[in-house]
Amino acid sequence: MSATTASGTGRDALRASAIATERARAGRVARRSAVNGWVTTVVVSLVLLVLWEIAADLWLTRLGVLASPTAIVQSLIENPQLYWGAFTTTAWVAVRGWFWGNLAAIAVAILFVQVPVFESLFLRLALALFCLPLVAVNPLLQLTFDPDTAKVVLAALSVFFTTLVGTMLGLRSADGGPLTMVTAWGGRSISSLRFVRLPSGTPAMLTGLQIGAAAAVLGAIFGEFIGAKAGLGVLLINGLMSLDLARVWSVALLATVMAAVPYGVFGLLRRWLTPWSASISNAQQLSTPKRGSVAGRLASAVAWTIGSIVVILLAWWAYLIVFDMSPFVGKSPVDVLNYLFASEDAAANRQVMLDALDVTLVHAGVGYVAGLVIGIAMAVAFVTFPVVERVLTPLAVALRSVPIIVLIPVLILALGRGLGGVVAITAIVTFFPTLANTQGGLKRVPNDAFTLMRSYDSSTWSTLWRLQLPYTLPAIFASARIAAPTAVLAATLAEWLATGDGLGHVIVSSRAHSDYTGLWAAAAILTAVSLIFYSLVSWAERVVLSRYAPSQLG
């Protein structure tokens, strides 16, 4: 008996020693892989800087496209007070817009989750605010508020919707088990929010704060394009007008730093404060079966839609009344309808708007599709071939951090003022969120699912097609929904700054000629188109998920 016990103890000791040895080996491999990844990233970044310097010196600077790194550094060193003053001015606007926009988004998300009837009525209003074209919103805010407040409001609007949607998804990602337990112990909805939903939604909130940094910088810089006396936006316009490439790219570098630093900081905070988020179950609560007839559900959907439209129109009128807008500047929905359908020039007005809308739809649509395809393909390459991720991540992060408002003039100089330049701008706006969300979705596939596929001797591409992509479809469509109105925004910005056509140009021209009814009409059309675009993508999401990933259809 003692010999058997000793033998068992010896086997246990050998097993424990083997486990400890394997854990130590796995740790060494992980550390070596991390070091190799950092070394590769640093080497690739240095190579890109050298290639940038050579290309700029040889021909890109002469073409008026790209300043060299040395020219940028020299410009920053020669004018430190100029750039520091502009940087702090823009940063102060961006920080305030980021704070208030995110605070409002988190508060509204909690309200929507706790009281679903408010979501049904007001979510489309929040979406309409997100779809408002900055080209039209900026001059109207300048006429409503003092210049500083107008810029802060614009930055807050740029942040609000993405944080709202992300926080709502995070709050609703709580497992059904803990929620059921809270209810079983007599807890109410506020207890579920405090003990389950808020901890579960914290990673999504931090992600919203992270992503909002770049959006706030975009809003702050764009707000400085009209009526500002200082800031990076003013320096950018001055650099473009004087063809000072070094100044333009110095502004681009500072804007990149302003967006990238908080992006990285909040990414580290998310990993530090919520290390448990990676192990949270991705299982969703069972959907409540739809009750009633098809006709009844359709009638209910139509009723909620009509109610949302009424809320949007009431908000429009409330804006004019609360801020006491002059009738010459502030136009109501009735004024816009008369402009398009009842006035003597209604036919001509409609034709101008429709012709411009056709151009904008082409610009936004082609760039949108191109950005989605490239973003998904790049995410698949990053996950399937880690070396590709290590090589291209520095370039992707750098481009992602540069506000699109800075890239537009440069891309137009490089690609021209035709379809190619506008499509490139729109594709970039669509590409980065698609890449980030798709890559994150591919990496969140449960390990047990991979083990099952390997047990069937599935190839890498078969696993990708049958497991990873279906699991990632919600993330892909989430990006597609957010990118839909953003693509329209990018197209109108490019039309305003470069091409001189489309609804972006109509808005700028209307403001220049004090045709505020035309400005409001173009803004209303763009907002309606963005809402329709968003709704079509949402409909496609439901159709595709019901066919290929019904378990993930929320």
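Student: In which helix is Leu-407 found?
Tutor: This is a predicted model, in which local features need pLDDT of at least 70 and side-chain atom pairs count only at pLDDT 80 or more, while totals for chains, interfaces and linings use all residues. Residues are numbered from 1 along each chain as its sequence is written, and side-chain values use heavy atoms, with hydrogens and water left out. Helices here are DSSP runs of H or I with at least four residues, strands are runs of E with at least two, and both are numbered from the N terminus. The run that covers residues 404-415 holds Leu-407, and that run is helix α15.

Student: Is Leu-407 buried or exposed?
Tutor: A residue is called buried under 20% relative accessible area, exposed over 50%, and partly exposed in between, with a 1.4 Å probe and protein chains only. Leu-407 has a relative accessible area of 8%, so Leu-407 is buried.

Student: How far apart in space are Leu-407 and Ala-494, C-alpha to C-alpha?
Tutor: Along the sequence, 87 residues separate Leu-407 from Ala-494. In space, the C-alpha to C-alpha separation of the two is 10.0 Å.

Student: What share of the accessible surface of the chain belongs to carbon and sulfur atoms?
Tutor: Accessible areas come from the Shrake-Rupley method with a 1.4 Å probe, and for residues only the protein chains shown count as cover. The accessible surface of the chain comes to about 28400 Å², and the share of carbon and sulfur atoms is 69%.

Student: Among contacts between residues at least 6 apart in sequence, what percentage join residues at least 24 apart?
Tutor: A contact means heavy atoms within 4.5 Å. When the contacts in the chain between residues at least 6 apart in sequence are taken, the part joining residues at least 24 apart is 77%.

Student: Which residues does Val-423 touch, not counting residues up to four places away in sequence?
Tutor: Val-423 has its place in helix α16, residues 419-443, and with 14% relative accessibility it counts as buried. Ala-364 is 59 residues away from Val-423 in sequence, yet the two are 7.0 Å apart in space, C-alpha to C-alpha. Leaving out residues up to four places away in sequence, Val-423 touches His-363, Val-366 and Gly-367.

Student: Why are α18 and α19 described by a particular word for their orientation, and what is it?
Tutor: Two packed helices are described by the angle between their axes and the distance between the axes. Axes are lines fitted to C-alpha atoms, for helices over the stretch in contact, and angles run from 0 to 180 degrees between N-to-C directions; under 35 degrees counts as roughly parallel, over 145 as roughly antiparallel, 65 to 115 as roughly perpendicular, and the rest as oblique. The axes of α18 (residues 460-499) and α19 (residues 502-512) come within 7 Å and cross at roughly 55 degrees. The two helices are therefore oblique.

Student: Which residues of α18 meet α19?
Tutor: On the α19 side, the residues are Gly-502, Leu-503, Gly-504, His-505 and Val-508. On the α18 side, they are Thr-492, Glu-495 and Trp-496.

Student: How is α19 oriented to α20?
Tutor: The axes of α19 and α20 come within 8 Å and cross at roughly 155 degrees. That angle makes the two helices roughly antiparallel.

Student: Which residues of α20 make the contact with α19?
Tutor: From α19, the contact takes in Leu-503, Val-506, Ile-507, Ser-510 and Arg-511. From α20, it takes in Gly-518, Leu-519, Ala-522, Ala-523, Ile-525 and Leu-526.

Student: Which residues does Ala-523 touch, not counting residues up to four places away in sequence?
Tutor: Ala-523 is found in helix α20, and at 9% relative accessibility it counts as buried. With residues up to four places away in sequence left out, Ala-523 touches Pro-133, Ala-136 and Ile-507.

Student: What is the phi of Ser-514?
Tutor: Ser-514 lies in the loop between α19 and α20 (516-548), and is partly exposed, with a relative accessible area of 38%. Although Ser-514 is not a glycine, its phi is positive, at about 55 degrees.
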